[in-house]
Amino acid sequence: MADPLDSGVPALGAEQCRAARAMLGWKVEDLAGHSGVTAAYVEAFEQGREPGDGEDPNESVRMRRALEHAGVEFIDAGLPSAGGGPGLRLRSTPSYIQPENLSSANDV
């Protein structure tokens, strides 16, 4: 099985995957649809089971990219964080109105 790190994307852990889905309010089927993998693969991955021999080793990379695209930021092991272990958070959204979106309708 190929190493997902070969693609330049850090590995996705089963716990991170489950937590990211929960933060987004996604079902297994939602992640499967957004990442182009099967729901059965997502379920097996999240339970820590090895994918079958016929599985594409980049499926976990596609899942991670789909979660990142939806707003999840992954904190990989070894990066500065309170506990030092892997984690995640949602990307913050700006609390201000972009200048091009200013109008009398959104005056405060």
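The structure is a predicted model. The chain holds 4 helices and 2 strands, and read from the N terminus its elements follow the order α-α-α-α-β-β. Of the 108 residues in the chain, 31% are buried. The accessible surface of the chain amounts to about 6,900 Å², and carbon and sulfur atoms account for 52% of that surface. When contacts between residues at least 6 apart in sequence are considered, 52% of them join residues at least 24 apart.

A search of the whole structure for aromatic pairs returns 1. The pair consists of Tyr41 and Phe45, with ring centres 6.2 Å apart; their planes meet at 20°, so the pair is stacked, given that planes under 30 degrees apart count as stacked. Both residues belong to helix α3 (residues 39-46), and because they are 4 residues apart in that helix, about one helical turn separates them.

Glu46 also has its place in helix α3.

| Residue | Relative accessible area | State |
|---|---|---|
| Tyr41 | 7% | buried |
| Phe45 | 14% | buried |
| Glu46 | 7% | buried |

Each entry is classed as buried because buried means under 20% relative accessible area.

The surroundings of Glu46 can also be listed. Apart from its neighbours within four places in sequence, Glu46 is in contact with Ala14, Cys17, Arg18, Arg21 and Val28.

Technical notes
Residues are numbered from 1 along each chain as its sequence is written. This is a predicted model: local features need pLDDT of at least 70, side-chain atom pairs count only at pLDDT 80 or more; totals for chains, interfaces and linings use all residues. Side-chain values use heavy atoms; hydrogens and water are left out. Rings of Phe, Tyr and Trp (its six-membered ring) pair if their centres lie within 6.5 Å; planes under 30 degrees apart count as stacked, over 60 as edge-to-face and the rest as tilted. Buried means under 20% relative accessible area, exposed over 50%, partly exposed in between (1.4 Å probe, protein chains only). Contact means heavy atoms within 4.5 Å. Accessible areas come from the Shrake-Rupley method with a 1.4 Å probe; for residues, only the protein chains shown count as cover.
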